[in-house]
Amino acid sequence: YDEGLKIDDLAPVDAARLHRGRGFALTELGRLDEAEAAYKESLKLDPDNDVATHELAYIAQLRTGAAPTAAQLKSVQPPSAQSPPVSSEGEAGGSH
């Protein structure tokens with residue numbers, strides 16, 4: 001993500017997407033301050049993005065020590081992820 005953000009003529013929508021992807025990866029690594037900053041940068045470029053807004057709320061919830069709800073686990077996937085296949089038990093893998 002960092003290398004992509006160095007591209008000079010990167011469209012704002014693409015930069016916002018890269019910041020969200022970076023934020024997602026940093027959240028997974030437990031680097032919440034950096035993840036929060038990445039999502040905030042994304043929102044500067046794409047203020048109405050629901051994914052970035054949701055992820056900031058998720059980070060705030062992680063900081064309180066509260067476990068995410070099932071709906072939160074199913075609602076957000078990595079920025080370019082496709083829906084995972086459904087297993088034989090009828091459950092799909094998920095993210096936050």
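A crossing of two helices is left-handed if the near helix is turned anticlockwise from the far one by less than a right angle, and right-handed if it is turned clockwise. The structure shown is a predicted model.

**Exercise 1. Overall composition**

Solution. 
Step 1. As to burial, 28% of the 96 residues count as buried.
Step 2. Among contacts between residues at least 6 apart in sequence, 37% join residues at least 24 apart.

**Exercise 2. The packing of H2 and H3**

Solution. 
Step 1. Helix H2 comprises residues 12–28, and its axis comes within 8 Å of that of H3, the two crossing at roughly 165°.
Step 2. Sorted by class, the contact of H2 with H3 has 10 nonpolar, 4 polar and 4 charged residues.

**Exercise 3. The packing of H3 and H4**

Carry out the corresponding analysis for helices H3 and H4: what are their orientation and handedness, and which residues make the contact?

Solution. 
Step 1. H3 and H4 pack at an angle of about 160°, and their axes are 9 Å apart.
Step 2. With the cut-off for roughly antiparallel set at over 145 degrees, H3 and H4 are therefore roughly antiparallel to each other.
Step 3. The crossing in which H3 passes H4 is left-handed.
Step 4. H3 contributes Leu 32, Asp 33, Ala 35, Glu 36, Tyr 39, Lys 40, Ser 42 and Leu 43 to the contact, while H4 contributes Ala 52, Thr 53, Glu 55, Leu 56, Ile 59, Leu 62 and Arg 63.
Step 5. The class count for the contact of H3 with H4 is 8 nonpolar, 2 polar and 5 charged residues.

**Exercise 4. Glu 36**

Describe where Glu 36 is placed, whether it is buried, partly exposed or exposed, and which residues it contacts.

Solution. 
Step 1. Glu 36 belongs to helix H3.
Step 2. Its relative accessible area is 23%. Buried requires a value under 20% and exposed one over 50%, so Glu 36 is partly exposed.
Step 3. Leaving aside neighbours within four places in sequence, Glu 36 is in contact with Leu 56, Ile 59 and Arg 63.
Step 4. With Arg 63, the side chain of Glu 36 forms a polar contact of 3.0 Å.
Step 5. Glu 36 and Glu 55 lie 19 residues apart in sequence, with a C-alpha to C-alpha distance of 8.2 Å.

**Exercise 5. Asn 49**

In which loop does Asn 49 lie, and is this residue buried or exposed?

Solution. 
Step 1. Asn 49 lies in the loop between helix H3 (32–45) and helix H4 (50–64).
Step 2. Because its relative accessible area is 12% and the limit for buried is under 20%, Asn 49 counts as buried.
Step 3. A polar atom of the Asn 49 side chain is 3.0 Å from the backbone nitrogen of Val 51.
Step 4. Beyond its neighbours within four places in sequence, Asn 49 is in contact with Arg 20 and Leu 43.

**Exercise 6. Residues separated in sequence**

Find the C-alpha separations of Arg 17 from Ser 42 and of Ala 11 from Leu 45, and state the exposure of Arg 17 and of Ala 11.

Solution. 
Step 1. Arg 17 lies in helix H2 and is partly exposed at 39% relative accessible area.
Step 2. The C-alpha atoms of Arg 17 and Ser 42 are 6.9 Å apart, although 25 residues separate them along the chain.
Step 3. Ala 11 is found in the loop between helix H1 (2–5) and H2; its relative accessible area of 30% makes it partly exposed.
Step 4. Ala 11 and Leu 45 are 34 residues apart in sequence and 9.7 Å apart in space, C-alpha to C-alpha.

Key:
Residues are numbered from 1 along each chain as its sequence is written. This is a predicted model: local features need pLDDT of at least 70, side-chain atom pairs count only at pLDDT 80 or more; totals for chains, interfaces and linings use all residues. Side-chain values use heavy atoms; hydrogens and water are left out. Helices (H or I, at least four residues) and strands (E, at least two) are DSSP runs, numbered from the N terminus. Buried means under 20% relative accessible area, exposed over 50%, partly exposed in between (1.4 Å probe, protein chains only). A polar contact is a pair of N or O atoms within 3.5 Å; within protein, one must be able to donate a hydrogen and the other to accept it, and residues adjacent in sequence count only if both atoms are side-chain atoms. Contact means heavy atoms within 4.5 Å. Axes are lines fitted to C-alpha atoms, for helices over the stretch in contact, and angles run from 0 to 180 degrees between N-to-C directions. Ala, Val, Leu, Ile, Met, Phe, Trp, Tyr, Cys and Pro count as nonpolar, Asp, Glu, Lys and Arg as charged, and the others, Gly among them, as polar. Angles under 35 degrees count as roughly parallel, over 145 as roughly antiparallel, 65 to 115 as roughly perpendicular and the rest as oblique.
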